[in-house]
Each structure stands twice: as structure tokens, then as C-alpha cells.
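Let's take a walk through the inside of a protein model together.

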Amino acid sequence: SKEIDAKGYSTTEEYGFNVLDLNKDAINLKVNGDILSVQLKVKFDNKFIKFTENDEHKSFEAKTSIIATDVEQARNIAYCLGMAIDGEKQQMPVFTSIQLATDFIKNNVKDVLNDSKSIRQSAVIISGDGTLLTLSSTVFEKTKTIEQKSIVYLTDLDENSLRFEPLGKKIVLSCKTKDKSPFVKQLVDNKVDGFCSEIEIVGSEIETTRELMEAFKFAIRFAQVKPTTWKTTTEAIAFLKTHVKGEMVNGCQYSLEFDVVPGETYYSTYSESPRDMKGITKKKSYEFYPYSIDKDAIKVAAQGSYLVVSVDVSGRRYYIKEIENLECQGFSQGVEIIAFDVKEAKDIAEALKMLVITSKPVKPVLTDKRQAVDFIGKNIQDVKTGDGSVKQVIGISEKNPCSVKFTRTKVDEKGTTTEETDEFNLSDINKTSGDVRINGKTIEVLLQCKEMNKFIKPSKNGVVQSYTSKLTLYVDDIEKATNVADAVRFAVLKCEEK
């Protein structure tokens, strides 16, 4: 439409739309004084009508009107629009291969001019395992320029979440990841700015954006990923050793290592040594038995500028040993293994699950109470505690193998030595004893008399103390602790048989 005001200035307004976007039931005639018009409205109030004034794009609208000269013309316009809505079909490009779809995406992610901002956009797609998409956009403003990148595997995107929506003068095409997982790597001015669950592409034309959405649907649907598999646990271990590796992120160098001790338990050590921009390195290691891990709780998540594969102990027990400066710093319920690529993080998670499935504890084969007590003695020995060290010796009487003497020699941080002994009979110990618990940096196995009877005779530096009902064995390894607990219960049961 064209209007000329009293001063002779003309204004030309244009409304561009696709008739298939119109709500047929909302087409009606309206009279306002001496003006007769046909009212048009987009389905679901979507703003799919492009409004242009004097060749300048102003906005997107959800409704517009067409001026008619008389009632008959107005009815004819309404009738023709209704017939067009019923008779037309949406024309979309046909994609017969993922290559055609990805080519369309690359060719139609274009630069956009929006108000005072100019946005330069491009899409790079690497075909193959997962089909990696990199969306780049450079926003040019009056006083600054911002470079952004979004990196995601098409196989991680949810085609059902594809949407486009006009916002002001621009159109935003968006797509979320499956389950809204944070699998989109974000970079701002070439620095990792975290991970998110959505990509966005800016456009200026409704129809081009609609076609671009169809191309994404096809590409996402037919993008393929080949999961990494291992025939043996040895192959999974080799993968972890080579793929848990370091990378430079935002000026910080992350050095990572994963090692496994050969054997049935596959005792594992994960180490990370981040070095910051000042050159300061802090190394920390985590040791754990894979069989103690909850396989179903192994997940990939985002944490700041990198990803993590979270590994949690079954039952949320504190069975992961934390080591710093070659010394135990305590125990935790879980560990987070750093990764930098989504597919690699997923593969690391699967390799860890294989370790969990195939690893198993090594249990002692016990035949008599004397052997059980010998096993306990070999597995407690010298242990470092929070404030020093403890040397432990346990022995049984030659005449009565159920009579036990337990000696602890403690050396505190000042070098002061204290000798403590506990004398007791195994038949007095509760057969359900042997609770394993974590106390700071120490693993303890707790023994307790039946019915809390005070039948344990303690001495300190040769001086007899008050009888007690409990005593504690110190162990430096979780598996050793559980095996010691089992040996205690075995010995108690054997002594009860006499």
C-alpha cells in the first residue's frame, strides 16, 4: 500500500507472507468508517508476516489487512485466499542424501544485517562419525566485534526440537540437543566459554529459514555415529590410556593420565596436572577399584571450559582414594575425569563401564582361624594416619588360636612413640563385626564385643587400662579392608564352633 500525507510525502508499506501460514478461519471483513478491509491472521499468532516500509525491513507481524474498494472485492479477496490455503501445498527442497542436506545448510547459513549490527555467519560440516558441525558468527557493532562459535555433533541434536521464531527484525532458527544435554561447545573470541544445549542461526527470510530447518531435519535424522567398541578389557584399557589425555584450554595446560594395574581387580589410577598461565602445576590422583563403581551412574556432563565423565561409587561410599604430593589426602564418593570432545567423552564412559563389568574383587581363600589371623596381620601392618603412622602386629596364642594379642605402635608428627595392646578372645567378638569405615585419611575396620560386653583388655605403654568393648584395625586400602573384615568374621565363626 502507498500513502501520501498532507505535505506530499509518500510512504510505501509492504507485507510479505506465505498464504499457507494464514489461519483460514480468521479471514474476515472489517469496516472502519469509510475503510473496508480484509483482516488476515497467522496460525497460532506466529509472526510470519514481513513488514517493510519504504524498502526498509521494519518487523515481523502476526496479522495484517488488505484494503478493498467495495464489499464484492473484499469477498473475492477472502474467497481467493481461502481457496489458495486449501489448494496449495508447502513446497520444500527434496534431499536424497545427507551430503545434499549439509551442502544446503552450508550454502544458506548467510550474513545478516540487523539494525546497527552486521552478523557474518558460516557453517562448516565435517562428514563422518557423528558429523561435526561448526557454526561461526561474527557480530560487528559500532564499537566492538564479537566472534562466536558453536561446535556440535549432528547426532547429538534433537530434530523434534527444531524451531524458528521471528524476534524483532531477525529470525532465529534453534535446535536443542537430545535430553538437553550440554553437548554444544561454545567459543567466544577463540576462548572456550563453556557448553550449552542449544544452537541458534540468525536469518532474515521466513521461507529460507523454513527450508533450512528441513535441511537440518534430514541431516540430523541420517547422520550416523559408530560407537567405539572393544572385544576385550585389554582393548578398553588401552583406549583409556591413550584417550584420557591433555589439552590446552584458555591458557591452562591440562595433563591427564589413566593407568590400570593388570589383574582381576583392574585397580585404576586417574591423574590430572593442570598448569595455569603462571606456570603453577597442581597434580592430583584418584585411585579406585572399578568393581566398586556404579556403572549406571557413569555420565558425561559439562564443567566450565571442559567436559567431565563422572564416576561414582555404588551406594555413595567413600571408596576413591585421593592422592596429592604422593600422600593420601582422604577418600571421596566419586571422581570426574576431564575430557574435551563430546564423542571422546562418551567413549571414555563406555570404556569405564566395560572395566566395571569385567573387574572383580580378589577374595582370600581361608581354611582355619590361624590362617585367617595371619591374613589379617599381613594386611594391616604399617599405616599412615592423619597425624603420624601406626605399626600394627596381631598374633595368636600357641596354646589357644582364638586368644589374640593386637599391638599398635603409634608415632605422632612430633616423633613421640606410644605402644598400645589389646588382648581378647575371638569367641567374644560379635560375628557381624568388621564394619569398614572411612575416618579422614584412614580406613578403619571396627571390631566389637557381643552385646557390648567389655571383654577387651587394653594396655598403654605397659600400663593396663580400663576394659573396653571395641577396637580398631587400620588399613591403607579398601579391598584390603573388606578382606580383613571378612577374615575377622571367618575367624570368629571358627572360634564359636569349638
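By class, the lining of the largest cavity holds 10 nonpolar, no polar and no charged residues; here Ala, Val, Leu, Ile, Met, Phe, Trp, Tyr, Cys and Pro count as nonpolar, Asp, Glu, Lys and Arg as charged, and the others, Gly among them, as polar. Among these lining residues are Val-373, Phe-424 and Ala-491. Helix H6 (369–380) and helix H7 (478–496) each give two or more residues to this lining; helices are DSSP runs (H or I, at least four residues) and strands likewise (E, at least two), numbered from the N terminus. The volume of the largest cavity is about 50 Å³.

What is a cavity? On a 1 Å grid over the protein atoms alone, it is a set of points where a 1.4 Å probe fits but cannot get out, and lining residues have an atom within 4 Å of a point. The volume is the space filled by probe spheres set on the points, which are joined across faces, edges and corners.

This is a predicted model, where local features need pLDDT of at least 70, side-chain atom pairs count only at pLDDT 80 or more, and totals for chains, interfaces and linings use all residues. Residues are numbered from 1 along each chain as its sequence is written, and side-chain values use heavy atoms, with hydrogens and water left out.

Now visit the second largest cavity, with about 40 Å³ of space. Its lining has 7 nonpolar, no polar and 3 charged residues, and includes Glu-287, Lys-321 and Asp-477.

Key
1 Å grid on protein atoms, 1.4 Å probe; cavity = no way out; pocket = protein on both sides within 12 Å on 5 of 7 lines; lining within 4 Å.
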